[in-house]
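Take a look at the structure first, then read on.

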Amino acid sequence: MSDVLAVAEHRRGELREVSHEVLTAGAELGAGELHLAVIGGDVERFADELDRGAVDTIHTVAEGEEFNHGVYVQALEQVAEAVDPTYVVTPNSVNGLDYAPAVAESLDMSLVTDAVGVDTGGGLTVTREFYGGKTEGEVDVFDDRAVVTIREGEWDAPAGAAGASIQAFDADIDETALGTTVNGFEEAGSGDVDITEADVLVSVGRGIDEEDNIPLIEELADAMGATLSSSRPIVDNGWLPQDRQVGQSGKKVTPDVYIAIGISGAVQHVAGMKGADTIIAINTDPGAPIFDIADYGIVDDLFDVVPALTEQFA
Ligand SMILES: Cc1cc2nc3c(=O)[nH]c(=O)nc-3n(C[C@H](O)[C@H](O)[C@H](O)COP(=O)(O)OP(=O)(O)OC[C@H]3O[C@@H](n4cnc5c(N)ncnc54)[C@H](O)[C@@H]3O)c2cc1C
């Protein structure tokens, strides 16, 4: 029977919901022992909160307060050496994607990221989305052992207390090999505008093509009295500041109206804006996932639609 090691995640003193979800996914991955590693922060409180579902043993590693790549990799290597799991399951979060590849490499395991389903009927098969969420596919893992990162929100939190054995794990962390130190946590500044407070957001995505075209969207936002926001590639390209980014690694927004222009509707973007009252999408691709959640959709070229809209509001 396959034993599983799940890994919890916390930020600024609070467990993230996905810490519970890895337990449910972990129970699906293996019928053997289910272990959970809790690394850093208030490990005893976290362990009490995570003593749910089918978890058998919770290993608490009291090292540091916030996430540190080197600490996680070293600690997980050592916990894995002790419990010898067939599968390691971690969140597909910014942190999880940071340490999971290094852990897979060091434990000589396969790595499958962003799982939305798992099946161990005949070896491990992982369901993933492809082409920006337009289609799902199954990945057969030929290796006997694998690290699987799971998409947040795809598994429910387990119900009921587990009565797990909570054990302090004395990891031997080589500080000289850490490479980085975490000095503190700084919230991304809210700059001159706070997109979380806006009633109407006009949001621009990669469909805008180049930085010189951003003013086209700014003009629409100005004409509507709306606030400008964006998807992540726009911020990654340095075309708008970080505080304008909507999504999983940006801001969560709940405006009355959200106009997504040239945004495909990737799950990480949708995570930040699906709470908007009315969603309007402008996209040339009728199959773009944004149309799955849009209340109104315009399948057309933004370079034609946006100036026409601006004219209407001016
Ligand atoms: C851990 C992690 C965290 C992430 N966090 C975030 C996050 O917080 N926020 C976020 O947004 N993304 C995030 N991402 C990235 C996310 O996966 C997508 O890559 C991103 O959202 C895509 O942005 P986009 O829709 O602007 O670009 P694309 O996916 O490239 O879509 C561009 C769209 O524009 C359309 N288009 C092209 N030309 C035109 C035109 N002339 N007129 C109209 N439409 C046009 C296309 O049909 C396409 O649908 C994250 C990814 C990871 C792995």
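**A hairpin and its sheet**

Strands S8 and S9 run antiparallel and pair over three bridges. Keep in mind that the model is predicted. Within this pairing, Asp119 sits opposite Thr125 in S9. S8 and S9 make a hairpin, and four residues lie between the two strands. The turn includes Gly123, whose phi is positive, about 80°.

Thr127 stands opposite Glu138 in S10. Leu124 stands opposite Val141 in S10.

Put together, the three strands form an open sheet in the order S8-S9-S10, with antiparallel pairing. Which strands stand at the edges? They are S8 (117-119) and S10 (135-141). Each has a single partner strand, so one side of each is left without a neighbour in the sheet. From one strand to the next, the twist averages 25°.

The table lists the facing pairs.

| Residue | Opposite residue | Strand of the opposite residue |
|---|---|---|
| Asp119 | Thr125 | S9 |
| Thr127 | Glu138 | S10 |
| Leu124 | Val141 | S10 |

**Two aspartates with positive phi**

Look next at Asp108. Its place is in the loop between helix H4 and strand S7 (110-115). Phi of Asp108 is near 55°, a positive value in a residue other than glycine. Is Asp108 buried or exposed? Asp108 is exposed: 8 other C-beta atoms lie within 10 Å. A residue counts as exposed if that number is 12 or fewer.

Asp114 is another case. This residue belongs to strand S7. Asp114 is not a glycine, yet its phi is positive, about 60°. Asp114 has 19 C-beta neighbours inside 10 Å, so it counts as partly exposed. The cut-off for buried is 20 or more.

**Around the ligand**

Now turn to the ligand. There are 30 residues around the ligand. Which of them come nearest? They are Gly205, Gly207, Ser231, Gly247 and Ser264.

What kinds of residue make up this shell? It divides into 10 nonpolar, 16 polar and four charged residues.

Several helices take part. H4 (94-107), H6 (232-236), H7 (267-273) and H9 (302-313) each supply at least two residues of the shell. H7 gives the most, with three residues.

**Two domains**

The domain assignment of the protein chain gives domain 1 (4-177) and domain 2 (195-313). How far apart are the centres of domain 1 and domain 2? Taken over C-alpha atoms, 34 Å separate them. The contact between the domains takes five residues from domain 1 and six residues from domain 2. On the side of domain 1 that touches domain 2, the residues divide into one nonpolar, two polar and two charged.

Terms used: Residues are numbered from 1 along each chain as its sequence is written. This is a predicted model: local features need pLDDT of at least 70, side-chain atom pairs count only at pLDDT 80 or more; totals for chains, interfaces and linings use all residues. Two strands pair if DSSP finds at least two bridges between them. Axes are lines fitted to C-alpha atoms, for helices over the stretch in contact, and angles run from 0 to 180 degrees between N-to-C directions. A residue is near a molecule or strand if its C-beta atom, placed from the backbone, lies within 6 Å of it. Ala, Val, Leu, Ile, Met, Phe, Trp, Tyr, Cys and Pro count as nonpolar, Asp, Glu, Lys and Arg as charged, and the others, Gly among them, as polar. Domain bounds come from an automatic or database domain assignment. Two residues are in contact if their C-beta atoms, placed from the backbone, lie within 7 Å.
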